[in-house]
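The structure comes first, then the notes.

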Amino acid sequence: MNPTVGHGVVQGAVWSVRCGAAPPCVPRSMPMFLPVCALLAALLAAGCSLSLSGKGEVAAYDFGTAAGAREGGPRLRQPLLVYEGSGPAWMDSALIHYRLAYRDASRPQAYAGSRWVMSPAALLTNRLRQRLTGAGGGVILPTDGLRAPASLRVELDEFTQVFDAENRSRAVVRLRASLVGSRSLIAQKAFGVDKAAASQDAEGGVRALTAASDEVLEQLLDWVAVSMKK
């Protein structure tokens with residue numbers, strides 16, 4: 001499993017960094033390495049979990065190509081105003097978060113060297129709009145300046161890869177949705193999906209989080225279709 005350590009090569013010297021750890025020491029008789037130590041010390045002082053691997057490349061992920069509308073799935077007859085999704089402040093970045101539940105589940109941590117292409121809330125919003133458009137009702141954006149019979153707001157509560165053991169992890173997606181009419185709340189519901197990860201690394205987490213997101217959005221779409229008929 002590789003969530004916790006950043007590593008890389010600087011001028012032929014292999015180094016590894018853990019946040020809170022001291023930088024590698026070098027003799028004072030080797031001044032060419034002093035700028036490197038100064039850089040590492042600055043990064044550690046800032047609490048950084050920077051990872052340089054190979055040429056410093058960062059792996060960037062999104063949800064991939066969206067699946068088409070499922071056969072026999074819900075159909076919407078009215079357009080829906082879909083606001084941008086939101087989430088807690090610590091999740092408002094492109095970092096891929098995980099939790100080591102077998103040590104301390106209250107500490108969300110981030111992979112070094114792997115990122116989403118945008119924040120999880122933004123990824124989920126884009127996927128949701130794609131699915132709603134496929135359901136036939138039409139999607140209106142806040143910037144369109146158009147009215148809709150109802151609007152949908154989604155708040156992301158959890159979007160992490162949770163390690164229950166060193167060799168076992170799962171994706172956890174939790175969100176709350178509010179369907180609002182012109183003057184009142186139509187319906188509100190919490191949704192959640194857990195998906196086992198095939199591998200205990202960032203790529204395994206990404207694949208499991210994508211699958212969990214697609215499943216939770218299917219549940220959300222069914223709920224919207226039923227709620228709009230009431």
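## Confidence

Where pLDDT is low, the predicted coordinates should not be read in detail.

The model is predicted. Over the chain, the mean pLDDT is 81, and 73% of the residues reach 70 or more.

## Aromatic pairs

The structure contains six aromatic pairs. One of them joins Tyr98 and Phe163 in an edge-to-face arrangement, with 6.1 Å centre to centre and 85 degrees between the planes. This pair links distant parts of the chain: Tyr98 belongs to strand E5 (residues 95-100) and Phe163 to strand E8 (residues 151-165), and the two are 65 residues apart.

Are the two partners buried or exposed? Tyr98 has a relative accessible area of 1%, so Tyr98 is buried. Phe163 counts as buried because its relative accessibility is 0%. The cut-off applied in both cases is under 20% relative accessible area.

## Ring cluster and charge over a ring

Phe63, Trp116 and Phe159 form a cluster linked by ring pairs.

A charged group also meets an aromatic ring: the charged end of Arg153 sits over the ring of Tyr83, at 3.7 Å from the ring centre.

Conventions: Residues are numbered from 1 along each chain as its sequence is written. This is a predicted model: local features need pLDDT of at least 70, side-chain atom pairs count only at pLDDT 80 or more; totals for chains, interfaces and linings use all residues. Side-chain values use heavy atoms; hydrogens and water are left out. pLDDT is the predictor's confidence in each residue, from 0 to 100. Rings of Phe, Tyr and Trp (its six-membered ring) pair if their centres lie within 6.5 Å; planes under 30 degrees apart count as stacked, over 60 as edge-to-face and the rest as tilted. Helices (H or I, at least four residues) and strands (E, at least two) are DSSP runs, numbered from the N terminus. Buried means under 20% relative accessible area, exposed over 50%, partly exposed in between (1.4 Å probe, protein chains only). A charge sits over a ring if NZ of Lys or CZ of Arg is within 6 Å of the ring centre and within 35 degrees of the ring normal.
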